[in-house]
Amino acid sequence: MKNWLYRILVAAVIAACSLTAHAQSSKTLRVVMHSDIKVLDPVWSGAYIVRNHGYLIYDTLFALDEKFQIKPQMVDTWSASEDRKTWTFTLREGLEWHDGKPVMADDCVASIRRWGARDPMGQKMMLFLEDIKATDARTFVITMKQPYGLVVESLAKPSVVTPFMMPRRVAETDPFKQLGEYVGSGPFIMKQDEWKPGEKIVYVKNPKYKARPEPASGLAGGKVAKVDRVEWVWISDSQTAVNALTRGEIDIIEQASYDLLPLLEKDRNITLVRAATGNQYVFRPNWLNPPFNNEKARQAAMIGLNQQDFLHAIVGDPRYYRVCKSMFPCGSPLESTEGFEGLIEGNIAKAQALLKESGYDGSPIVLLQASDTPALSNLSPVAKSILERIGFKVDMQAMDWQSLVNRLLTKKGPASEGGWNVFLTYWSMADLFDPLMTPFLQANCEKSRAGWPCDEPMEKLRERYALASDAAERKAIAVEVQKHQAKIVTHVHLGEGFNVAAMRKTITGWINAPVIVFWGIDKQ
């Protein structure tokens, strides 16, 4: 009965969206995303759904093209002094905020400062910042205390936290508080009056957006909006979403459920697209509490876990996953297996010996499971089974993802006080291209992400990477980082899975970028 009522409700929501869209727009794109959106500030929140929202309404100074090369976006020209301490950026002419005001250099200065307070890569850059200031309406200058090789790379960061540009009055909001106003300069404008959490969020084409002249490529190039309206319709049940797609009630499913792909493959009206950039699944221990406050216990997990087991459970179809020992994505410039020889291969006997050496006392460890997220829910039972074979006693606690995130951030104490010991998640490969980007490599104690690794040598390695003068030196340091990570274990990487988008064949212009984008897409 509940399922029947739920489907009626979904149909009613879609019908209501259709009526609204017909009245307002000749081309409306209806999309089911991987999550509902409850927060709108892409600097305050690291959620991918909020990042995706950011790419619709905001723009960036630089962006990565389909070959992961950095290209200017809002920037027209830029230069660096010979000593690489002074960086000058000039914006393109004619850029406007959604409220009609011109984009100014001091807007970008405020935006960079807010981003730099929250993002690990930005935080590292800010440590070496001497000054950042606007010198005229379209030009700003970044001055570093010493030569810094990753200024442009930091500003081109493609994923969480993405350095989106905002008006100064908005960007001056405390970075640890959510925004109250959502004005960007991107190709779409959010209709805040139509946002209904749990149902839909609506964006309309920005008629004044000034696209770059180059063809769209990855996250770079001309962001030409070809539909008048984009609606994210929230349907939590995978089967119901697929039914809506096959009936033509929606146009795209961002991440189709792997177990429903055979059904979709048989439908002549549906196209499936494997993501060019996948996700890396991750096991994250809590360094603050026993047993994972002990390095040998963390090493036991690293040695005992096996990528293949996780990939088979969560993805199943080998076409959509890849075993990859490299901590940085396979196929990326920093790919390497050095340091991980003999690790993540399911060596239970060696893991058991290490756990014994750690002095583990047999107390249950709390393993958090995101039960409402298909991309994550199957990971925890696999981890539980392997950890128990190693010798851990495991208390797996299921909850929805939002509750899990809240517990991660608010419960740092031991399990007896509502704390936790381990959780599993995934990161987009767009977040993992180097030691500064990779969120779980941050090891500056309480400033780190949940799990709170605390390791000064790792932070010094990351600092050396930031200050390296060329690609060869950075590659060598990245190998050192990986070898050190194999010892201290801030996290365990569990292989790579590739999302599959499903769409009606009436959809054209799909851009297979590291992040789902809606410019370039047309609807016949």
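Student: At roughly what angle do the axes of helix 9 and helix 11 cross, and are the two helices roughly parallel or antiparallel?
Tutor: In this predicted model, the axes of helix 9 (residues 295–304) and helix 11 (residues 348–358) come within 8 Å of each other and cross at roughly 170 degrees. Angles over 145 degrees count as roughly antiparallel. Helix 9 and helix 11 are therefore roughly antiparallel.

Student: Which residues of helix 11 meet helix 9, and how many residues of each class does the contact have?
Tutor: From helix 9, the residues Lys296, Ala297, Gln299, Ala300, Ile303 and Gly304 take part, and they meet Ile348, Lys350, Ala351, Leu354, Leu355, Glu357 and Ser358 of helix 11. Sorted by class, this contact of helix 9 with helix 11 has three charged, three polar and seven nonpolar residues.

Student: Why do the buried residues of helix 11 lie on the same side, and what covers them?
Tutor: The buried residues in helix 11 are Ile348, Ala351, Leu354, Leu355 and Ser358. Because they cover an arc of only 120 degrees around the axis, they fall on the same side of helix 11. The face turned away from this buried side carries the exposed residues Ala349, Lys356 and Glu357. What covers the buried residues of helix 11 includes helix 9 and helix 13.

Student: In what order do the six strands of the open sheet run, and which are the edge strands?
Tutor: The sheet is open and its pairing is mixed, with the six strands in the order 16-20-15-19-17-18. An edge strand pairs on one side only, and this holds for strand 16 (321–322) and strand 18 (394–399).

Student: How many bridges join strand 15 to strand 19, and which residue is the bridge partner of Gln280?
Tutor: Strand 15 (residues 279–285) and strand 19 (residues 422–428) run antiparallel and are joined by seven bridges. In strand 19, the bridge partner of Gln280 is Trp427.

Student: Which strands does helix 13 touch, and what angle does its direction make with that of strand 17?
Tutor: Helix 13 (residues 379–390) packs on the sheet, where it touches strand 15, strand 17 (365–370), strand 18 and strand 19. The direction of helix 13 makes with that of strand 17 an angle of about 160 degrees.

Student: Does Ile521 count as buried or exposed?
Tutor: Ile521 is found in the loop between strand 22 (507–508) and strand 23 (522–523). Beyond its neighbours within four places in sequence, Ile521 is in contact with residues including Leu29, Val227, Ile252 and Trp510. Because its relative accessibility is 0%, Ile521 counts as buried.

Key:
Residues are numbered from 1 along each chain as its sequence is written. This is a predicted model: local features need pLDDT of at least 70, side-chain atom pairs count only at pLDDT 80 or more; totals for chains, interfaces and linings use all residues. Side-chain values use heavy atoms; hydrogens and water are left out. Helices (H or I, at least four residues) and strands (E, at least two) are DSSP runs, numbered from the N terminus. Buried means under 20% relative accessible area, exposed over 50%, partly exposed in between (1.4 Å probe, protein chains only). Contact means heavy atoms within 4.5 Å. Axes are lines fitted to C-alpha atoms, for helices over the stretch in contact, and angles run from 0 to 180 degrees between N-to-C directions. Angles under 35 degrees count as roughly parallel, over 145 as roughly antiparallel, 65 to 115 as roughly perpendicular and the rest as oblique. Ala, Val, Leu, Ile, Met, Phe, Trp, Tyr, Cys and Pro count as nonpolar, Asp, Glu, Lys and Arg as charged, and the others, Gly among them, as polar. Two strands pair if DSSP finds at least two bridges between them. The arc is that of the directions from the helix axis to the C-beta atoms.
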